[in-house]
Amino acid sequence: MKALITGASSGIGEELAKIMAADGHSLILVARREEKLEFLATKLTQKYSVPVKFFKADLTNIQDREKLIEFSKTEGVDTLINNAGFGIAGRFAQTNLEKNLEMIELNISALVHLTRALVPGMIAKGDGRILNVASIAAFVPGAYMSVYYATKAFVHSHTVALSEELAGTGVTISGLYPGPTVTEFNQVAGVQGLDAFRKNMFMDAATVADIGYRGMQRGQLLILPGYKNKLIAALTKVLPVKVQARLIKIANGKRVEAAALHQS
Ligand SMILES: NC(=O)c1ccc[n+]([C@@H]2O[C@H](COP(=O)([O-])OP(=O)(O)OC[C@H]3O[C@@H](n4cnc5c(N)ncnc54)[C@H](OP(=O)(O)O)[C@@H]3O)[C@@H](O)[C@H]2O)c1
């Protein structure tokens, strides 16, 4: 059992690495911050006596992705966890274009690239698991984080469609749909200062990772951690899309204002 986890240097990816090493998986940890990966790999190898390797890669860079794919094929990866991702908060017209394009490259293109490269080997072996970390944002249009929400809608649609193509091959694909989770995500997205306002909505990364891991192992297609996220997902099936969009605009507007206040 060898799993590749992208975005393993912090948050949900780091917690998935801990859970999977404890469960006996050999791992390849991927992110840009090499020192964090090295520290985690050493700790997990010592604690659980499983081989944990790391690979420094900027997944927005095609050459880095190709080197990673070559390495993964040599290593014989049978579990792919597409977890690396980030968001951008703010009015779309004022956000940085380069950053938006980088986000699409990471949240969508890197996921498609790694999956397309590794899934044929899994199908040939008749065995493999893929876990795509989407978000509850996948189910709704999200004003003030519109591109991020749309990247996750892509991940959701692709995951569900691919599960149909993979049926009967021995390869399973799962989507994990976290809501607000305590990680570095909000700081990276530019919504720090928010946690105090919506603390009761947040789940901890270890719980989300645990639910995600167990769901993936069962081959569950849609993995929604926590009853609040299940409720939100259910509401998106009954509320008209304009109403959903307006509610998210109000909620995200408060987040962006709170962050601006915090930063001023
Ligand atoms: N936290 C939430 O509230 C929340 C909610 C729903 C969904 N999610 C999703 O959960 C996933 C994990 O995020 P998180 O919450 O755990 O946030 P996080 O703590 O910020 O972790 C993001 C991970 O992605 C890596 N990463 C970022 N840019 C990268 C790049 N260009 N190349 C390679 N790796 C890169 C980061 O490592 P380096 O910086 O070292 O590269 C880090 O390991 C994301 O897909 C996110 O969209 C999060």
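1. S10 counts as buried because its relative accessibility is 16%, where buried means under 20% relative accessible area, exposed over 50% and partly exposed in between, with a 1.4 Å probe and protein chains only. S10 sits in the loop between strand 1 and helix 1. Apart from neighbours within four places in sequence, S10 is in contact with R33, K36 and E184; contact means heavy atoms within 4.5 Å.

2. On the basis of the values: this is a predicted model, in which local features need pLDDT of at least 70 and side-chain atom pairs count only at pLDDT 80 or more, while totals for chains, interfaces and linings use all residues. Residues are numbered from 1 along each chain as its sequence is written, and side-chain values use heavy atoms, with hydrogens and water left out.

3. Seven strands form an open sheet in the order 3-2-1-4-5-6-9, with parallel pairing. Strand 3 (52–56) and strand 9 (222–223) are the edge strands, each pairing on one side only. Strands pair if DSSP finds at least two bridges between them; strands (E, at least two residues) and helices (H or I, at least four) are DSSP runs numbered from the N terminus.

4. Strand 2 (residues 26–31) runs parallel to strand 3 and is joined to strand 3 by five bridges. V30 stands opposite F55 in strand 3.

5. Helix 4 (residues 97–125) lies across strands 1, 4, 5 and 6, at about 165° to strand 4. Helix 7 (residues 205–218) lies across strands 4, 5, 6 and 9, at about 155° to strand 6. Axes are lines fitted to C-alpha atoms, for helices over the stretch in contact, and angles run from 0 to 180 degrees between N-to-C directions.

6. Helix 1 (residues 11–22) packs on helix 2 (residues 34–48) at about 20°, with the axes 10 Å apart. Helix 1 is therefore roughly parallel to helix 2 (angles under 35 degrees are roughly parallel, over 145 roughly antiparallel, 65 to 115 roughly perpendicular, the rest oblique). E14, A17, K18, A21 and A22 of helix 1 meet L40, K43, L44 and Y48 of helix 2. The residues of this contact divide into six nonpolar, no polar and three charged; Ala, Val, Leu, Ile, Met, Phe, Trp, Tyr, Cys and Pro count as nonpolar, Asp, Glu, Lys and Arg as charged, and the others, Gly among them, as polar.

7. The axes of helix 4 and helix 5 (residues 146–166) come within 9 Å and cross at roughly 15°, which makes the two helices roughly parallel. The residues of their contact divide into 13 nonpolar, five polar and one charged.
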